[in-house]
Amino acid sequence: MVTFSIALLLLVCGYFVYGAFVERVFAPNYSQKTPAILHPDGVDFLPLPTWKVFMIQFLNIAGLGPIFGAIMGAKFGTASYLWIVFGTIFAGAVHDFLAGMISLSNDGESLPEIIGRYLGKRTKAVFGVFTIVLMVLVAAVFVSGPAELLAGMTPDFLDALKWILIIFAYYILATLLPIDKIIGRVYPLFAIALIFMAIGILVMLYVKHPALPEIWEGFGTKYETNPIFPMMFISIACGAISGFHATQSPLMARCMTQIKHGRPVFYGAMVTEGVVALVWAAAATCFFGENGIVDAVSGKAFTGASVATAISQDWLGAFGSILALLGIVAAPITSGDTALRSARLIVADYVHIEQKSIAKRLMVSLPIFAATIAVLVYSINDKNGFNIIWRYFAWCNQTLSVFTLWSITVFLVIGKKNYFVTLIPAIFMTAVCTTYVFVAPECLGLWPGQTIPGYIVGAVSAVVSAVLFLIWHKSYTKQ
């Protein structure tokens with residue numbers, strides 16, 4: 001429990017110490033009016049109370065990542081603690097905060113607009129499409145998972161397919177209606193359930209005092225055969241750093257009433273998610289047996305959902321397990337609908353179509369809905385469809401964080417600010433994503449069972465990206 005306790009304390013201190021430092025680096029103009037005040041449209045640009053904005057941001061970025069990702073990532077032992085803590089403080093929270101603050105300072109710009117502003121129009125076009133693809137994958141992934149969970153909790157006539165239709169119908173409403181009609185009313189309740197669940201598990205960790213792994217016992221475990229680098233850094237995404245988050249921060253930038261709320265909303269929500277991930281990573285280790293995370297009776301491998309459900313029912317009792325299941329089911333659904341909402345706004349910003357009119361919102365959304373349905377049909381008809389979609393989603397998610405970090409780095413250079421706060425994470429995540437492509441069997445997997453060639457390619461990509469940045473920086477400084 002020593003390593004876990006120190007990790008938890010570091011996360012909390014990270015918000016107050018490093019979060020304040022990054023805020024000073026950005027140097028926000030607190031007197032500047034926010035987009036919600038300057039351009040209210042009653043749909044997307046809509047002032048909301050700060051506590052609601054925080055809760056919505058937290059639930060938007062959380063999804064199943066800090067629960068399922070942390071549970072699966074716990075197989076890497078104390079290395080997962082370190083990545084959650086240092087990834088959150090120095091990469092994820094910085095990524096979310098600066099992306100949100102740049103959007104907040106530029107009339108609530110969407111992520112591709114920010115990337116285009118600092119990496120050029122061609123990059124904007126490419127990553128506009130890339131971001132839309134990621135949003136569609138998120139929506140598809142976060143329909144299938146909750147539908148299967150709900151099918152197991154309801155009568156037989158409500159099978160997974162019917163739940164998919166119900167959830168997708170909700171997605172359509174949440175994407176098209178003003179943000180205060182559904183999201184602003186329901187999200188805070190779901191966020192409270194998710195936070196309550198994490199607090200309950202945290203308290204029970206200290207009550208039960210299980211034998212958690214300590215850092216001096218080593219990083220890896222016998223339960224995971226994949227290499228820690230890069231696999232863990234892709235598996236634990238939402239609990240450390242996630243490119244998806246940068247697509248969600250602009251949604252809340254359009255609802256904030258004061259610039260000074262940026263750190264609590266953007267940096268604070270990410271730290272909160274890091275705490276949730278850390279708690280679940282620690283709790284999951286209690287389910288490790290001789291063969292990994294398996295049921296002691298049946299010997300079958302636990303899934304992320306079954307581990308989360310079992311822990312909640314065993315540790316939190318009947319009432320706690322209900323709230324826990326509510327959080328487990330609601331978290332991915334609430335990330336899926338805002339993914340489609342974000343996709344609508346990205347397309348609308350790109351083609352300059354105002355979104356005050358329901359007809360124009362529908363016109364922009366129909367192709368996005370059609371693409372999501374096509375991906376869902378594939379995942380249903382192909383027995384490995386869901387797993388394939390998830391793998392591509394995981395890699396696309398982290399790749400988007402790479403380009404967001406490089407965009408922010410350029411922004412900081414132009415503003416004559418301390419760009420090292422994002423340069424170092426950008427170089428590191430470049431190496432992670434490149435290595436993953438060549439090492440992971442679900443990607444190219446050119447050298448199965450051999451990591452050294454992949455590591456060499458990842459290291460070269462990191463060096464090349466750093467050199468290209470230095471060349472650009474020198475040229476920009478001369479100009």
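This is a predicted model: local features need pLDDT of at least 70, side-chain atom pairs count only at pLDDT 80 or more; totals for chains, interfaces and linings use all residues.
1. **The core.** Start with the inside of the model. The largest nonpolar core has 151 residues, and the members that touch the most others are Phe4, Ile67, Leu98, Tyr171, Tyr267 and Trp280. As background, nonpolar side chains tend to be buried together in soluble globular proteins.

2. **A closer look at Phe4.**

3. Helix H1 (residues 2-16) packs with helix H10 (residues 183-208) at an angle of about 145°, and their axes are 12 Å apart. On the H1 side, the contact is made by Phe4, Ser5 and Leu8, while H10 brings Leu202, Leu205 and Tyr206. Five of these contact residues are nonpolar, one is polar and none is charged. The crossing of H1 past H10 is left-handed.

4. The structure has eight salt bridges. In one of them, Lys124 meets Glu113 through their side chains, with 3.1 Å from N to O. Lys124 belongs to helix H8 (residues 121-153) and Glu113 to helix H7 (residues 111-119), eleven residues apart. Are these two buried or exposed? Buried means under 20% relative accessible area. Lys124 has 17% relative accessibility, so Lys124 counts as buried, and Glu113 is buried too, at 14%.

5. Now turn to Lys162 and Asp159, whose side chains form a salt bridge at 4.0 Å, N to O. Lys162 is partly exposed, with a relative accessible area of 39%. Asp159 is also partly exposed, at 31% relative accessibility.

6. **A bridge across the sequence.** The side chains of Asp349 and Arg254 meet in another salt bridge, at 2.8 Å from N to O. Asp349 sits in helix H14 (residues 304-351), whereas Arg254 is in the loop between helix H12 (243-253) and helix H13 (262-284), so the pair ties together parts 95 residues apart in sequence. Arg254 counts as buried, with 3% relative accessibility.

7. Finally, look for three residues joined by salt bridges. Asp44, Arg341 and Arg344 are linked in such a network.

Terms used: Residues are numbered from 1 along each chain as its sequence is written. Side-chain values use heavy atoms; hydrogens and water are left out. A nonpolar core is a set of buried Ala, Val, Leu, Ile, Met, Phe, Trp, Tyr and Cys residues joined through side-chain atoms within 4.5 Å. Buried means under 20% relative accessible area, exposed over 50%, partly exposed in between (1.4 Å probe, protein chains only). Axes are lines fitted to C-alpha atoms, for helices over the stretch in contact, and angles run from 0 to 180 degrees between N-to-C directions. Helices (H or I, at least four residues) and strands (E, at least two) are DSSP runs, numbered from the N terminus. A crossing is left-handed if the near helix is turned anticlockwise from the far one by less than a right angle, and right-handed if clockwise. Contact means heavy atoms within 4.5 Å. Ala, Val, Leu, Ile, Met, Phe, Trp, Tyr, Cys and Pro count as nonpolar, Asp, Glu, Lys and Arg as charged, and the others, Gly among them, as polar.
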